[in-house]
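Hello,

Here is the structure you are taking over. Please open it next to this email and follow along.

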Amino acid sequence: MSEIRKGAVLNYLLVFLQIGVPLVLTPLIMDKLGTAEFGVYMLAGTVMARLYMSDLGRTTTTRFLSEYHSRGDAAGAAAFLGNLTVLYTGIGLLIPLLGLCIYPWLGELFPKFTPEELRLYRVLYLLMLGNAALMFPARSLIGVADARQKFTIPALMAVLTAVANAVGTVVLLALGGRSVALMVFTISSGLIAMLCNVAYCFIGLKARINLRGWSLRLTRGLLIFSGWMFLNQLINLLNAGTGNYIVAITRGPAETGIYTNGLQIYGHYFMLSAVLTALFLPRVVNMVARGGSPTRQTDAMILLGRSQLRILGGVLFGILFFGQEFFRLWVGHIPGAAPELSWFITVALVVPHTFVLVQSLGWQITQARDALRQRVIITGLVSLLFIAGSFVVCSYFNLRAQALWGAFTILLQLLLINLIHYRGLGLQIGRFYRETFRGTLPCVLLLSAICLLLNFLLPAAETWSTLLLKLVLFTAAYLPVVFLLFPAVSKRSGINKP
């Protein structure tokens with residue numbers, strides 16, 4: 001089995017754990033901590049989760065090392081790693097210093113928090129700053145394995161870490177541990193896993209690092225690329241996925257917990273698409289380095305897009321037709337949890353974001369072709385619009401309106417990014433949509449009818465077993481319908497695998 005296939009299998013296992021474990025543990029944590037402390041804890045955890053998902057240094061390493069390996073330049077790769085280590089160590093030290101500048105103003109940022117809730121958030125905030133200082137230099141070196149397309153060991157380490165986090169969380173809660181203990185354990189296990197991955201890169205893969213090969217030109221290139229990547233990740237932090245911060249500022253921790261529950265499922269949906277996309281970055285870099293045309297790049301987008309759509313489609317149907325029952329079973333027994341509202345937030349965000357995720361390879365092409373500037377500027381402007389509008393919407397309306405505002409900004413950003421892909425990179429966006437979504441209408445109509453029939457024949461789920469039965473029957477119908485009526489590549493497209 002190839003590294004990409006083994007990496008994909010392990011990464012999908014990891015996604016299963018990252019989705020399944022929070023679904024099981026969230027009601028337990030929410031019940032033990034209470035709605036308010038749970039909201040504070042989840043707000044703090046969102047920052048750490050976004051830092052881990054950003055893969056800022058890891059993506060930079062993969063992008064540049066893939067290019068060195070395509071040229072067979074071992075000395076250049078060693079010099080690059082030396083420059084990278086120095087640069088990201090500096091970034092790792094700078095972020096806590098910037099964070100400490102914000103620390104005195106946390107009370108003003110979250111006026112709806114009680115003194116006890118604010119004290120708790122301050123402790124969690126300091127823990128996250130310390131984690132960031134160590135995370136950036138260590139995480140950047142994990143990209144060595146990605147650049148060599150050695151995905152198995154890093155993915156296996158991530159799976160083991162997810163299992164350890166789940167077991168440790170249950171034990172800590174049983175012993176009476178609160179949010180601080182949970183955060184300390186999560187941070188510690190993550191750092192241990194990253195150090196093991198770094199050891200694998202240098203011992204297992206024999207990577208070499210030259211700290212004396214400092215180059216102003218190389219460092220300048222790293223700073224430019226990393227700077228635009230950092231701005232992109234910062235914009236993502238400010239975008240629809242983190243609207244819970246504005247909810248926390250304007251409406252308080254209890255409604256933050258409700259909004260965050262909806263965002264959890266939205267985040268899990270995002271993770272499903274990220275599995276395949278991340279594995280394709282080294283190949284895309286090699287394609288660009290060898291002069292692959294925009295037509296071939298569009299072919300790759302269509303190939304991955306149809307595969308993504310087959311995976312995401314099943315989850316999307318599950319959320320739309322069985323999601324309310326899931327949320328009621330998941331957190332409906334907790335006072336003030338508002339499960340139907342959390343479901344609405346999830347639906348409002350995942351539907352428009354599906355169109356973003358099926359063309360996620362476009363983001364990898366943008367990185368490979370050093371075309372980050374235009375994309376970051378566009379997404380930055382849309383994010384500013386989102387933030388400004390969110391304060392108004394949250395202050396004068398409700399969480400449903402906030403979710404719909406987030407959905408609108410997602411679609412606006414997608415439209416503008418497609419203009420960049422079409423006019424700036426020469427990608428055939430019209431053909432991409434025609435070929436990627438070809439054959440979806442009969443599948444959508446048939447699967448919708450199946451879902452409605454299941455909901456008609458089976459009662460509304462009052463137990464997990466009833467919901468599980470519905471999902472099993474739906475899956476049994478979904479797989480043959482999609483694989484027969486919606487193949488991975490449209491027969492009329494003429495695509496060749498890249």
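Setting aside neighbours within four places in sequence, F185 is in contact with A164, N165, G168, T169 and L172. Keep in mind that this is a predicted model. One of those partners is worth a second look. F185 and N165 sit 20 residues apart in sequence, and their C-alpha atoms are 7.6 Å apart in space. F185 belongs to helix α8. Its relative accessibility is 28%, so F185 counts as partly exposed.

Now move along to N197. This residue also lies in α8, which covers residues 179–204. Is N197 buried or exposed? N197 is buried, because its relative accessible area is 7%, and the cut-off for buried is under 20%. N197 touches I142, I153, P154 and M157, again leaving out residues up to four places away in sequence.

**The chain as a whole**

Step back for a moment. The chain has 498 residues, and 54% of them are buried. Its secondary structure comes to 19 helices and 0 strands. What share of the contacts joins residues at least 24 apart in sequence? Taking contacts between residues at least 6 apart, the share is 84%.

Next come the helix pairs. Two packed helices are described by the angle between their axes and the distance between the axes. Look for both values in each pair below.

Start with α15, residues 372–396, and α16. Their axes come within 10 Å and cross at roughly 165°. That angle is over 145 degrees, so α15 is roughly antiparallel to α16. The crossing of the two is right-handed. Which residues of α15 and α16 make the contact? From α15 come Q374, R375, I378, T379, V382, L385, F386, G389, S390, V393 and C394. From α16 come A401, Q402, W405, G406, T409, L412, Q413, L416, I417, I420 and H421. Sorted by class, this contact has 12 nonpolar, 9 polar and 1 charged residues.

Stay with α16, which runs over residues 399–424. L404 has its place there. L404 counts as partly exposed because its relative accessibility is 48%. It touches F344 and A348, not counting residues up to four places away in sequence. L404 and L349 are 55 residues apart along the chain, yet 7.6 Å separates their C-alpha atoms.

**Helices α18 and α19**

Now go to α18, residues 440–457, and α19, residues 464–485. The axes of α18 and α19 come within 10 Å and cross at roughly 165°. The two helices are therefore roughly antiparallel to each other. Their crossing is right-handed. On the α18 side, the contact is made by C443, L446, L447, I450, C451, L454 and N455. On the α19 side, K470, L473, F474, A477, Y478, V481, V482 and L485 take part. By class, the residues of this contact divide into 13 nonpolar, 1 polar and 1 charged.

**Helices α12 and α18**

Helix α18 has another pairing to show you. The axes of α12, residues 294–331, and α18 come within 11 Å. At what angle do the axes of α12 and α18 cross? They cross at roughly 30°. That is under 35 degrees, so α12 is roughly parallel to α18. This crossing is right-handed. α12 gives L309, F317, F321, F322 and E325 to the contact. α18 gives T440, V444, L447, S448, C451, L452, L454 and N455. The class count for the contact of α12 with α18 is 9 nonpolar, 3 polar and 1 charged.

**D299 in helix α12**

Last stop. D299 is found in α12. D299 is buried, because its relative accessible area is 13% and buried means under 20%. What joins the side chains of D299 and R431? A polar contact of 2.8 Å joins them.

**Where to start**

Select α18 in your viewer. Find its antiparallel partner α19. Then find α12, which is roughly parallel to α18. After that, go to D299 and show its side chain together with that of R431.

Best wishes

Notes. Residues are numbered from 1 along each chain as its sequence is written. This is a predicted model: local features need pLDDT of at least 70, side-chain atom pairs count only at pLDDT 80 or more; totals for chains, interfaces and linings use all residues. Side-chain values use heavy atoms; hydrogens and water are left out. Axes are lines fitted to C-alpha atoms, for helices over the stretch in contact, and angles run from 0 to 180 degrees between N-to-C directions. Helices (H or I, at least four residues) and strands (E, at least two) are DSSP runs, numbered from the N terminus. Angles under 35 degrees count as roughly parallel, over 145 as roughly antiparallel, 65 to 115 as roughly perpendicular and the rest as oblique. A crossing is left-handed if the near helix is turned anticlockwise from the far one by less than a right angle, and right-handed if clockwise. Contact means heavy atoms within 4.5 Å. Ala, Val, Leu, Ile, Met, Phe, Trp, Tyr, Cys and Pro count as nonpolar, Asp, Glu, Lys and Arg as charged, and the others, Gly among them, as polar. Buried means under 20% relative accessible area, exposed over 50%, partly exposed in between (1.4 Å probe, protein chains only). A polar contact is a pair of N or O atoms within 3.5 Å; within protein, one must be able to donate a hydrogen and the other to accept it, and residues adjacent in sequence count only if both atoms are side-chain atoms.
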